[in-house]
Amino acid sequence: MDNIERLYKCYEILSEAGDKISEHVAEYKEILQAVKGTSKEKRLASQFIGNFFKHFPELSDTAIDAQFDLCEDDDTQIRRQAIKDLPKLCQGNAEATIRVGDTLAQLLILDDATELQQVNNSLLSIIKLDTKSSITGLFQQITTGDEPTRERCFKFIATKLLTMGPNVITKEIEDYIVDEVKKALQDVTADEFHLCMTILGATKLGSTITGHAELVKLATEQAELNSTDTNAIAVDDEVVERFIQCATAAAPYFSKTIKSTQFVSYVCDKLLPIDTWNLIATAVSQDQIQLRLLKVFAEMITYTDKLENANERINAVYNVLLEYMPLPKLSDEDVADTPPSFQFSHAECLLYALHTLGKKHPGNLTFIEDAEKLKDFRARLQYLARGTQGYIKKLEEALKGKTGEELKTEENQLKQTALKTTSNINILIRDLFHSPPIFKHDIVLSWIVPKSSKLGKRHVPITFGDKGAANGNQETDQQDKKSRPSNEQKFYSPPSGKYSGKVNPNYGNNNNNNNRGRQRGGGGGGGFRNRRYRY
């Protein structure tokens, strides 16, 4: 009798043994040994191991290891079969489910799209069998795995697990996910922080005021707002980047109830003093980093409470604003020869910040009490207004008569946003040019998309391409990573002024390596290193 026939014979004996199946340990051991045989023997072993697994608890570790060996086989078909059969080990066995969940989590970094899809299917299968044990295995990899594995686990939770509905994601399970993600936040990279906050925003925390307050608190802790070394802050691009990321994560949750005062005060005290401002991101694209910082600052300032030391903090905003409001040319002839050039995106943010703080602190605009400063400010405003109005005219001419389809092109989208930016600046200038300044107009910042007033809609769902790697499409995930915006800002530059368009952080690109010799379930792959918001 050859080995294949013997395997079928063992299967037949075990299938017909009934209540006496536990007496046939020898036959089950033969099936386990077949994982070292030919390709056909391995495929049969994969199918048979799980069928009788529960009847031989004393061989459970050996059986699980045998199945894991098949998951690491050199033959793709054998690996896929073994991954498909893993859920059989999990029926009624919480310990095995944790180990299988851990191993499937490691396999999320596979390169082959078909294999990866099978990993996702098997994970979903065991989650339906025993949700708590399965995601315990996932979080073991988040705790002990390497960065590519951790990232894939977070993505799986965000795009797959949290979409499984209330029958799977019960209150108990959601509470567990929230607790585990909070633990993970204590030591994360920038990418991981972004993923963690998105996951938490998709839970109950994203739908209640108390939840929003908790999310803001988590972002505040990550931002390390209590750091006192201003020079170190300014010259360390990572610290500035961390603040931008944390502030961006917190921004959707600020409201009339949850104030942004701590973040706003930090920017005014630590980042806007002019000597510090000029040190930020000098080694990279300074305008890009500074604009991203100003954008999130402008978004947050809407919900700040009254500030302590308002004079000094408003002056910090005012002094940086002057950097983006040049003095007029000496003569009208000079102006005609050289059209004014402004960084309108920066100016919009800073004018809005000054206008908003002025509305809250009308008695703390110290520059209006100094005749020379006020004269200088009004001259700069008038010069900016001239450039803005000329720019608005050119943009309106450029967009006039465009069809709906033509307006969807990237260049025309930039022009439309530029028109919003300059129109906002024009409105703010009219208020601030009054003597004394008035604050009667409210604007919507040019890049802001109006949000639903419903609590549950404040966070933005995370996406990773159309069918990212968490969904089993490695190729699309790689394309998505390649297409992520870099720190090189796209500019639309008409004859007058310049407009900076899309500003997005470049979340780190991890190289996903296919590690065949991964650790067995329960251990995790990769050494645990200090990941606290590293880049």
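These are my notebook entries on a predicted model of one protein chain.

**Entry 1: the whole chain**

I began with the secondary structure of the protein chain and found 23 helices and 2 strands. I then looked up burial: of the 535 residues in the protein chain, 52% are buried. For the surface, I noted that the protein chain exposes about 24,300 Å². Among contacts in the protein chain with a separation of 6 or more, 74% are between residues 24 or more positions apart.

**Entry 2: cysteines**

How many disulfides does the count come to? I got 0 disulfides. A disulfide is a covalent bond between the sulfur atoms of two cysteines. I looked up two cysteines by name. Cys-10 has 0% relative accessibility, so I list Cys-10 as buried. Cys-246 also has a relative accessible area of 0% and is therefore buried.

**Entry 3: aromatic pairs**

I counted 14 aromatic pairs. I took Tyr-28 and Phe-56 as one of them: the ring centres lie 4.6 Å apart and the planes meet at 10°, so I wrote this pair down as stacked. The pair links distant parts of the chain, 28 residues apart. Tyr-28 sits in helix H2 (residues 25-33), while Phe-56 sits in the loop between helix H3 (39-52) and helix H4 (60-71). Both Tyr-28 and Phe-56 are buried.

Next I looked at Phe-342 and Tyr-383. Is this pair stacked or edge-to-face? The ring centres of Phe-342 and Tyr-383 are 5.3 Å apart with the planes at 70°, and planes over 60 degrees apart count as edge-to-face, so the pair is edge-to-face. Phe-342 is in the loop between helix H19 (332-337) and helix H20 (344-360). Tyr-383 belongs to helix H21 (residues 371-399), and the pair links distant parts of the chain, 41 residues apart. I found Phe-342 buried, and Tyr-383 buried as well.

I also noted one aromatic cluster, formed by Tyr-8, Tyr-11, Phe-48 and Phe-52.

**Entry 4: charges over rings**

Which residue lies over the face of Tyr-176? I found Lys-132 there, at 4.7 Å from the ring centre. I looked up a second case at Phe-433, where Arg-378 lies over the face of the ring. The distance from Arg-378 to the ring centre of Phe-433 is 4.1 Å.

Technical notes
Residues numbered from 1 in each chain as written. Predicted model: local features only at pLDDT ≥ 70, side-chain atom pairs only at ≥ 80, totals over all residues. Heavy atoms only, no water. Helix = DSSP H or I, 4+ residues; strand = E, 2+ residues; numbered from the N terminus. Buried < 20%, exposed > 50% of the residue type's maximum accessible area, 1.4 Å probe, protein only. Contact = heavy atoms within 4.5 Å. Areas by Shrake-Rupley, 256 points an atom, 1.4 Å probe, with all protein chains shown as cover. Disulfide = S-S within 2.5 Å. Phe/Tyr/Trp six-rings, centres within 6.5 Å; stacked < 30°, edge-to-face > 60°. Lys NZ or Arg CZ within 6 Å of the ring centre and 35° of its normal.
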